[in-house]
Amino acid sequence: MNYIYILKCADGSLYTGWTNNLEKRVKAHKQGKGGKYTRAHRPVELCYYEAFAEKTEAMRRETEIKKMTRAQKLVLIGGKEVE
């Protein structure tokens with residue numbers, strides 16, 4: 001499986017990424033071994049994900065989500081401000 005995911009960072013910002021191993025990737029972000037952005041904004045918490053059979057589908061969805069406004073992302077993850 002391939003996944004897109006959204007992490008809530010310590011400063012309240014949202015980080016979107018994709019992976020083929022969600023558990024391992026989130027663990028890496030939490031340990032400061034993930035993306036450069038999340039290393040500087042730890043701790044992080046998984047707040048949303050979607051699963052896809054194909055890598056290209058996940059990457060396409062990641063691009064769609066990254067183009068969304070913060071308000072649109074908040075609606076996607078549950079319709080309210082992430083605390």
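**A glutamate and some rings**

Mentor: E50 has 15% relative accessibility, so E50 counts as buried; the term means under 20% relative accessible area, with exposed over 50% and partly exposed in between (1.4 Å probe, protein chains only). This is a predicted model, in which local features need pLDDT of at least 70, side-chain atom pairs count only at pLDDT 80 or more, and totals for chains, interfaces and linings use all residues. Residues are numbered from 1 along each chain as its sequence is written, and side-chain values use heavy atoms, with hydrogens and water left out.

Trainee: With which side chains does the side chain of E50 make polar contacts?

Mentor: A polar contact is a pair of N or O atoms within 3.5 Å; within protein, one must be able to donate a hydrogen and the other to accept it, and residues adjacent in sequence count only if both atoms are side-chain atoms. The side chain of E50 has one with the side chain of Y48 at 2.5 Å and one with that of R61 at 3.0 Å.

Trainee: How many aromatic pairs does the structure hold?

Mentor: Rings of Phe, Tyr and Trp (its six-membered ring) pair if their centres lie within 6.5 Å; planes under 30 degrees apart are stacked, over 60 edge-to-face, the rest tilted. The structure holds three such pairs. Y3 and Y49 are edge-to-face, 6.2 Å centre to centre with 65° between the planes. Y15 and Y37 are stacked, at 6.3 Å and 10°.

Trainee: Which residues do ring pairs link into a cluster?

Mentor: The cluster consists of Y5, Y15 and Y37. Y15, at 17% relative accessibility, counts as buried, whereas Y37, at 36%, is partly exposed.
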